[in-house]
Structure formats: C-alpha cells, structure tokens
Amino acid sequence: MGEKVTLADGREVDSWSAEWREECARLEQEAQRIAQLPSFEQRKSAVGIVRATHGEQYATRLTDRLVQLRQARIEKARAA
C-alpha cells in the first residue's frame with residue numbers, strides 16, 4: 001500500500017489507487033496541452049481556469065509540472 005494522497009475533489013485515497021492514477025494522467029495531459037500554448041498569458045489564463053475548476057492544490061500540482069516541462073525543454077535546447 002502507498003501513502004494517502006488528496007484528490008482534487010478533496011477525497012483521500014491511496015497513492016496506488018486507480019483514482020490517483022487517473023488524476024495524475026489527467027494532470028499530465030493538461031500540463032502537456034497548456035505547455036504547448038504559444039504565450040505566457042494564454043498559459044497563465046489556462047492555469048487560472050484549472051484553478052477555478054479543480055482548486056488550488058490541483059493548480060499548484062499542475063504549475064509544478066509545467067515548470068518541470070519547461071526546465072526539461074531548456075536542458076534539451078542547451079544540450080543540442
């Protein structure tokens with residue numbers, strides 16, 4: 001069994017649960033989609049919509065993932 005994690009809807013589930021896997025997959029899809037938006041303003045607006053829809057904790061996780069994606073792109077560009 002994994003540790004307890006909190007879903008966007010406030011429920012606590014096991015980190016090995018299907019619900020957590022589904023939420024992580026959805027967050028990753030959203031992060032990939034938002035990362036492709038052409039401007040900072042568009043990305044900021046999209047995160048704001050997610051914040052209003054899914055709450056602060058989910059939006060923070062999404063923002064953290066967006067930062068990771070950006071850092072990976074920067075590192076890839078430096079290596080090229």
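Q: At what angle do α1 and α2 pack, and how far apart are their axes?
A: The angle is about 155°, and the axes are 9 Å apart. Axes here are lines fitted to C-alpha atoms, for helices over the stretch in contact, with angles running from 0 to 180 degrees between N-to-C directions. That makes α1 roughly antiparallel to α2. On the cut-offs, under 35 degrees is roughly parallel, over 145 roughly antiparallel, 65 to 115 roughly perpendicular, and the rest oblique.

Q: Before we go on, what sort of model is this?
A: It's a predicted model, where local features need pLDDT of at least 70, side-chain atom pairs count only at pLDDT 80 or more, and totals for chains, interfaces and linings use all residues. Residues are numbered from 1 along each chain as its sequence is written, and side-chain values use heavy atoms, with hydrogens and water left out.

Q: OK, back to that pair. Is the crossing of α1 and α2 left-handed or right-handed?
A: α1 passes α2 in a right-handed crossing. Right-handed means that the near helix is turned clockwise from the far one by less than a right angle, and left-handed that the turn is anticlockwise.

Q: Which residues meet there?
A: From α1 you get R26, E30, I34 and A35, and from α2 R43, A46, V47, V50 and H54. Contact means heavy atoms within 4.5 Å. By class, the α1 and α2 residues divide into five nonpolar, one polar and three charged. Nonpolar covers Ala, Val, Leu, Ile, Met, Phe, Trp, Tyr, Cys and Pro, charged covers Asp, Glu, Lys and Arg, and the others, Gly among them, are polar.

Q: Let's zoom out. How many helices and strands does the protein chain have?
A: The protein chain has three helices and two strands, and along the sequence they follow the pattern β-β-α-α-α. These are DSSP runs numbered from the N terminus, H or I with at least four residues for helices and E with at least two for strands.

Q: What's going on between α2 and α3?
A: α2 spans residues 40-54 and α3 spans residues 56-79; their axes come within 7 Å and cross at roughly 150°. α2 and α3 are therefore roughly antiparallel to each other, and their crossing is right-handed.

Q: And which residues do the touching in α2 and α3?
A: V47, V50, R51 and H54 in α2 meet E56, Y58, A59, L62, T63 and L66 in α3. That contact has six nonpolar, two polar and two charged residues.

Q: What about α1 against α3, at what angle do they pack?
A: About 55°, with the axes 9 Å apart; α1 covers residues 18-35. α1 and α3 are therefore oblique to each other, and α1 passes α3 in a right-handed crossing.

Q: Who's in that contact?
A: On the α1 side it's W20, E23, C24, R26, L27, E28, E30, A31, Q32, I34 and A35, and on the α3 side Y58, R61, L62, R65, L66, L69 and R73. Those residues of α1 and α3 divide into ten nonpolar, one polar and seven charged.

Q: Switching topic: how much of the protein chain is buried?
A: Of its 80 residues, 26% count as buried. Buried is under 20% relative accessible area, exposed is over 50%, and partly exposed is in between, using a 1.4 Å probe and protein chains only.

Q: And what box do the C-alpha atoms fill?
A: Roughly 40 × 30 × 15 Å, taken along the principal axes.

Q: Where is K4, and what does it touch?
A: K4 is in strand β1, residues 4-6. Not counting residues up to four places away in sequence, K4 touches E12, V13 and D14. K4 is exposed, with a relative accessible area of 57%. The C-alpha atoms of K4 and A77 are separated by 37 Å, and these two residues are 73 apart along the chain.

Q: And where does E3 sit?
A: E3 is in the segment before β1, and at 58% relative accessibility E3 counts as exposed. Leaving aside neighbours within four places in sequence, E3 is in contact with V13, D14 and S15. From E3 to V13 is 8.3 Å, C-alpha to C-alpha, and they are ten residues apart in sequence.

Q: Last one: is A72 buried or partly exposed?
A: A72 is partly exposed, with a relative accessible area of 45%. A72 is found in helix α3, and its C-alpha is 30 Å from that of D9, 63 residues away in sequence.
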